[in-house]
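Subject: Structure handover

Hello,

Here is the structure for you to look at. My notes on it follow below.

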Amino acid sequence: MPHADELAPHPEENPGSRVPERAEPIVRTAREARAHLAGLLHAVARDTDRVLADAQLAVTELVVNARTHGGGMTGFEARLDLALGCLVVDVEDGHDGHPSGEALDRRDPAAPGGRGWALVQHLSGTCHVKPLPGGGKRIRVTFPL
């Protein structure tokens, strides 16, 4: 699974790749994030059930971890990038630390917790972490359509 600290250009840097959409809803909870992803993928003219399931689980982990370990979620954006053929999701939080966790295949299956970051990395096509100028971080995950 690719992982890097550098993010691909934001859609404003490549405006032709962004799908026109309604005003971005305010997303504060994992439930709202899942609903927003379902709405975005509903517009795609192909079967996206598997992408939706993977994206909803991974984004739920990111939102919950931002609230639990990251000092709260400070930003959320999801969009379809047709030029790259993927769903792109950014989750920001107020903690500077990089997420951590042991790979799923090395974890004791009976041990409680600690699987969130490994699940995000396993389910997403790419996963990048970037420190934000004012503190905190942005995690960008992509899911191939």
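Arg79 and Asp90 are both buried. Buried means under 20% relative accessible area, exposed means over 50%, and partly exposed lies in between (1.4 Å probe, protein chains only). The model is predicted, so local features need pLDDT of at least 70 and side-chain atom pairs count only at pLDDT 80 or more, while totals for chains, interfaces and linings use all residues. Residues are numbered from 1 along each chain as its sequence is written, and side-chain values use heavy atoms, with hydrogens and water left out.

Salt bridges

The side chains of Arg79 and Asp90 form a salt bridge, at 3.5 Å from N to O. Arg79 sits in strand S2 and Asp90 in strand S3, so the pair ties together parts that are 11 residues apart in sequence. A salt bridge here is a side-chain nitrogen of Lys or Arg within 4 Å of a carboxyl oxygen of Asp or Glu. Helices (H or I, at least four residues) and strands (E, at least two) are DSSP runs, numbered from the N terminus.

Asp90 has another partner, Arg140, with the closest N and O atoms 2.6 Å apart. This pair links distant parts of the chain: Arg140 is in strand S5, Asp90 is in strand S3, and they are 50 residues apart. Arg140 is buried, with a relative accessible area of 3%. Asp90 also counts as buried, at 3% relative accessibility. Glu77 joins Arg79, Asp90 and Arg140 in a network of salt bridges.

The whole structure has 7 salt bridges. One of them pairs Arg50 with Asp54, with the closest N and O atoms 2.8 Å apart. Both lie in helix H2, 4 residues apart, so about one helical turn separates them. An α-helix has 3.6 residues a turn, so residues three or four places apart point the same way. Arg50 is exposed, with a relative accessible area of 60%. Asp54 counts as buried, at 15% relative accessibility.

The chain as a whole

The chain has 3 helices and 5 strands. Along the sequence they follow the pattern β-α-α-β-β-α-β-β. Of its 145 residues, 43% count as buried. Contact means heavy atoms within 4.5 Å. Among contacts between residues at least 6 apart in sequence, 59% join residues at least 24 apart. The chain exposes about 8100 Å², and carbon and sulfur atoms supply 54% of that. Areas come from the Shrake-Rupley method with a 1.4 Å probe; for residues, only the protein chains shown count as cover.

The core

The largest nonpolar core has 30 residues, and Leu37, Phe76, Leu87, Val89, Val141 and Phe143 touch the most other members. Helices H1 (30–42), H2 (49–69) and H3 each supply at least two residues of this core, as do strands S2 (73–81), S3 (86–93), S4 (126–131) and S5 (137–144). H2 gives the most, with 8 residues. A nonpolar core is a set of buried Ala, Val, Leu, Ile, Met, Phe, Trp, Tyr and Cys residues joined through side-chain atoms within 4.5 Å. In soluble globular proteins, nonpolar side chains tend to be buried together.

Take Phe143. Leaving out residues up to four places away in sequence, Phe143 touches residues including Val51, Asp54, Ala58, Leu87, Val89 and Leu123.

The buried ones are Gly116, Trp117, Ala118, Val120, Gln121 and Leu123.

H2 and H3 pack at an angle of about 145 degrees, with their axes 9 Å apart. Axes are lines fitted to C-alpha atoms, for helices over the stretch in contact, and angles run from 0 to 180 degrees between N-to-C directions. On the H2 side, Asp54, Leu57, Ala58, Glu61, Leu62 and Asn65 take part; on the H3 side, Gly116, Trp117, Leu119, Val120 and Leu123.

Thr60 is in helix H2. Thr60 counts as buried, at 17% relative accessibility. Beyond its neighbours within four places in sequence, Thr60 is in contact with Ala30 and Arg34.

Val64 is in helix H2 too. Val64 is partly exposed, with a relative accessible area of 38%.

Best wishes
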